Each structure stands twice: as C-alpha cells, then as structure tokens.
Amino acid sequence: MDHFCPCRNTACRCHPANHDQGCSLCIEKELRKHEIPSCFFDLVIGPGETVEDCSMEAFARRVLERETAKDN
C-alpha cells in the first residue's frame, strides 16, 4: 500500500518507505519523546532552514513567529 509522507529522511527506520505501517511508527516514536515529527516543521520553516529542536515548544514558537511575520 502506498502512503503519503512528506518526510525526506528515507534512511529513517520509521519512514513509510521502510515498512508498511504508514507514519504510525514515526508519530508514536516522536510522541513518546514529547516531540513533533520533523516533517510537520516543513509547514513553518523557510527554504534552507533546518530543525534541530523538534520539541512541541519549538514548533509552537515557529508557528507564532510565522504568524507574527505575516502580520508585519
């Protein structure tokens, strides 16, 4: 079965290209760590930016920064 996955890290053992469980393994892994899957950050980072901190707080900061930038 084909799965949609925006993640570019196909070397990750949790990437859907490496098993048949879709994004479930990745999401479960990240939630256990109280983090957001790194592919979600693609919605709030600019081209060429990288993500070092996948915490929920870091994601929230990025969302707020993006919204603030749109308002200016």
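Which residues are linked with K29 in a network of salt bridges? Keep that in mind as you open the model, which is a predicted one. A search of the whole structure finds seven salt bridges. This tour visits several of them.

**Stop 1: the network**

Select K29, E30, K33 and E35. These four residues are linked in a network of salt bridges. That settles the opening question: the partners of K29 in the network are E30, K33 and E35.

Now centre on E30. E30 sits in helix α1. Is E30 buried or exposed? E30 is buried, with a relative accessible area of 7%. The cut-off for that label is under 20%. Show the side chains of E30 and K29 together. A polar contact of 3.2 Å joins them. Next, display what surrounds E30. Leaving out residues up to four places away in sequence, E30 touches E35, I36 and P37.

**Stop 2: R8 and D42**

Select R8 and D42. Their side chains meet in a salt bridge, at 3.7 Å from N to O. R8 lies in the segment before α1 (24-32), and D42 in the loop between α1 and α2 (56-71), so the pair ties together parts that are 34 residues apart in sequence. R8 is exposed, with a relative accessible area of 69%. D42 is partly exposed, at 30%.

**Stop 3: E49 and R62**

Move on to E49 and R62. Here the side chains form a salt bridge of 2.9 Å, N to O. What parts of the chain does the pair link? E49 is in the loop between α1 and α2, while R62 is in helix α2, 13 residues apart. These count as distant parts of the chain. Check the surface at E49 too: this residue is partly exposed, with a relative accessible area of 40%.

**Stop 4: K70 and E67**

Stay with helix α2 and select K70 and E67. The two form a salt bridge, and their closest N and O atoms are 3.3 Å apart. How are K70 and E67 placed along the helix? They are three residues apart in helix α2, so about one helical turn separates them. Colour both by accessibility. K70 is exposed, with a relative accessible area of 54%. E67 counts as partly exposed, at 35% relative accessibility.

Conventions
Residues are numbered from 1 along each chain as its sequence is written. This is a predicted model: local features need pLDDT of at least 70, side-chain atom pairs count only at pLDDT 80 or more; totals for chains, interfaces and linings use all residues. Side-chain values use heavy atoms; hydrogens and water are left out. Helices (H or I, at least four residues) and strands (E, at least two) are DSSP runs, numbered from the N terminus. Buried means under 20% relative accessible area, exposed over 50%, partly exposed in between (1.4 Å probe, protein chains only). A polar contact is a pair of N or O atoms within 3.5 Å; within protein, one must be able to donate a hydrogen and the other to accept it, and residues adjacent in sequence count only if both atoms are side-chain atoms. Contact means heavy atoms within 4.5 Å.
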